[in-house]
Amino acid sequence: MDWAAINPAFYVASVMVAATPLLLAAIGELVVEKTGVLNLGVEGMMIIGAVCGFITAVETGSPSLGFVGGALGGAALSVVFAVLTQFFLTSQVPTGLALTLFGLGASAMVGQSYVGIVPPKMPQLMSGAQLNAFERIVLGHDAMLYIGLAIPVAVWAVLRFSRLGLILRAVGEDHNAAHALGYKVMWIRFGAIVFGGACAGLGGAYLSLVRVPQWTEGMTTGAGWIALALVVFASWRPLLIILGAYIFGGIAILQLNLQAAGSTIPVEYLSMSPYVITIFVLVLLSALHKYGISRAQAPAMLGRSFHASN
Amino acid sequence: MILRRTLLAAAATALALTSGAFADGHEKLKVGFVYVGSIGDGGWTYEHNQSRLAVDEAFGDKVETIYQESVPEGADAERVMTQMALSGAKLIFTTSFGYMDPTINVAAKFPDVKFEHATGYKTADNVSTYSARFYEGRAVQGHIAGKMTKTNKIGYIASFPIPEVIRGINSAYLHAKRVNPDVEFNIIWAFTWEDPAKEADAAKTLIEQGADVILQHTDTTAPLTVAAENEGVIGFGQASDMAQFKDGPRVSSIIDNWAPYYIDRVKAVMDGTWETVQTWDGIDTGMVEIGEITDRIPADIKAEAEAMIEAMRTGAYHPFTGPINKQDGTPWLADGEVADDGTLAGMSFYIEGLTGDIPQ
């Protein structure tokens with residue numbers, strides 16, 4: 001095979017673009033799970049974000065407004081989940097699954113007349129063929145990619161250093177104690193769910209406005225599920241989300257590069273490698289936990305409904 | 001009690017009357033379509049759905065068409081087909097290669113229902129196959145690609161390693177190589193028909209590795225969207241005209257026109273003349289159409305391509321005409337020899353000059 005055909009700068013730049021939708025969706029879900037809520041509807045919120053972002057961008061001609069539209073779309077869908085699980089106390093797992101199915105169907109319906117349209121292009125800080133490696137990797141992207149990198153850092157800082165972070169974690173670790181201290185568990189979770197929805201919507205919009213960029217039914221093709229896996233992969237640590245998303249994106253792009261360059265490694269091994277790594281990491285984490293080397297990372301209240309009467 | 005019996009009797013009479021009416025030829029023929037992608041993919045499934053609408057148009061209220069989108073190729077497909085057959089469909093089109101075994105299995109359970117499987121090779125008393133000679137269109141694409149490339153690198157986004165896709169690669173390569181001996185094909189197997197993100201990434205990768213012509217055998221317009229962002233890169237519409245990219249990278253296209261065939265087969269079921277056939281039509285019958293070659297292609301190359309299309313229409317030229325060797329250098333077709341349909345239908349080898357292996 002021809003290794004020289006793979007240009008490392010192009011490769012890294014592509015990985016950053018491929019990883020961003022996963023990163024955005026995963027960091028949102030991380031916050032949701034930190035408060036003890038498991039929302040399996042990430043895929044549905046992403047696709048709604050993708051279609052809302054696309055429609056907004058096309059109608060207004062502004063990709064930036066498109067991202068706002070995507071975030072609002074994802075957040076709106078997550079409100080449905082929040083109302084059902086927080087006020088009607090429905091079980092989170094089936095509600096989340098229903099959200100995904102609903103999102104896929106609703107987006108297909110809404111997006112029907114937007115198939116085959118090219119959206120306005122998101123401007124990049126620097127672009128063109130003459131960029132050197134540094135410029136291409138560090139500066140050759142659109143603003144949303146940098147925002148995507150900033151969000152996990154901000155989430156990390158908030159969760160670790162701020163009072164808000166402490167409250168969010170308290171709700172996720174022991175909702176009864178948080179309630180006893182006077183925190184409004186339901187509303188805190190409500191807020192976290194909406195934040196998660198907005199992030200998933202941004203991820204979806206990044207897919208339909210930058211990575212592809214076009215609208216096609218079902219275009220997330222499982223990215224939401226990978227985002228869910230990433231949260232576990234990162235063992236609920238915000239900064240590890242970046243690493244996880246870049247590993248997933250990196251392998252996805254690597255296998256395409258290897259193929260195009262004429263590699264003899266069978267495609268199947270490359271395609272399955274991200275999932276093999278996920279399973280390996282999960283086994284490793286639980287082994288570490290079992291032998292007391294690392295503490296459990298999953299929020300103690302994950303997936304449990306709370307009602308003040310409990 | 002009496003009332004109920006009367007009601008039942010009335011219902012039975014009504015039923016008899018309606019079925020009597022059905023027998024008079026007012027019966028609606030229910031026709032099912034199983035799609036592998038979404039009807040909004042802008043390519044393969046979109047065209048099948050357009051042809052379904054043409055059936056609706058042609059037969060009006062004598063026909064009722066139903067369809068199911070995004071049906072996975074596997075056990076789920078059997079469930080969908082069974083459901084359609086149980087709901088009264090008398091003719092079912094299964095429109096992807098991976099539905100081959102499911103179609104045969106379900107057809108065995110419903111001998112009264114006719115099945116039409118696209119691009120496969122297994123038939124039964126109530127299963128016909130139909131496909132189009134896309135490789136004729138690929139020959140035109142290869143010719144244009146070979147002439148137009150400046151980097152001598154042509155990127156090819158392949159879906160699954162099945163004969164239909166391999167034929168396309170061979171045909172395109174053969175005709176590119178003929179006009180440009182330095183041409184090189186970089187092939188990416190996407191292992192999907194419809195995944196815009198993956199298709200876009202694949203196109204991006206190929207362009208980054210130097211390809212300036214992108215051929216695709218996947219179903220969405222995503223590769224063209226990427227090509228549009230890269231100056232000097234051209235591509236082709238796949239399965240559908242993808243005319244919205246005419247001002248950009250799309251220089252021509254292969255259009256699948258299933259409508260005449262679908263109308264024909266629906267009519268055959270209505271008339272009771274349906275029988276098992278293996279249809280494989282090309283440019284000659286219009287099942288394969290070549291979309292308009294845009295002005296981005298210089299006039300002389302356009303004229304050559306159009307001459308080739310015409311020669312294939314009249315049957316004067318077959319894209320697989322020898323001498324052609326297989327990848328390992330062993331002879332396949334002697335000088336002037338034309339490939340037989342049997343070999344083409346099961347094609348599982350690259351021709352000489354292509355690098356890399358076909359995934360197993």
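A: Let's begin with the overall layout: going from the N terminus, the elements of chain A read α-α-α-α-α-α-α-α-α-α-α-α. That makes 12 helices and 0 strands, where helices (H or I, at least four residues) and strands (E, at least two) are DSSP runs, numbered from the N terminus. This is a predicted model, so local features need pLDDT of at least 70 and side-chain atom pairs count only at pLDDT 80 or more, while totals for chains, interfaces and linings use all residues. Residues are numbered from 1 along each chain as its sequence is written, and chains are lettered from A and ligands numbered from 1 in the order in which they are written.

Now for the pair. Helix α2 (residues 42-60) of chain A and helix α10 (residues 223-233) of chain A have axes that come within 7 Å and cross at roughly 130°. Axes here are lines fitted to C-alpha atoms, for helices over the stretch in contact, and angles run from 0 to 180 degrees between N-to-C directions. α2(A) and α10(A) are therefore oblique to each other (under 35 degrees is roughly parallel, over 145 roughly antiparallel, 65 to 115 roughly perpendicular, and the rest oblique).

Who touches whom? From α2(A), Val42(A), Glu43(A) and Met46(A) meet Ala223(A), Gly224(A), Trp225(A), Ala227(A) and Leu228(A) of α10(A); contact means C-beta atoms, placed from the backbone, within 7 Å. The residues of this contact split into 6 nonpolar, 1 polar and 1 charged (Ala, Val, Leu, Ile, Met, Phe, Trp, Tyr, Cys and Pro are nonpolar, Asp, Glu, Lys and Arg charged, and the others, Gly among them, polar).

Zooming back out, the C-alpha atoms of chain A fill a box of roughly 65 × 50 × 35 Å, along the principal axes.

Note on methods
Two residues are in contact if their C-beta atoms, placed from the backbone, lie within 7 Å.
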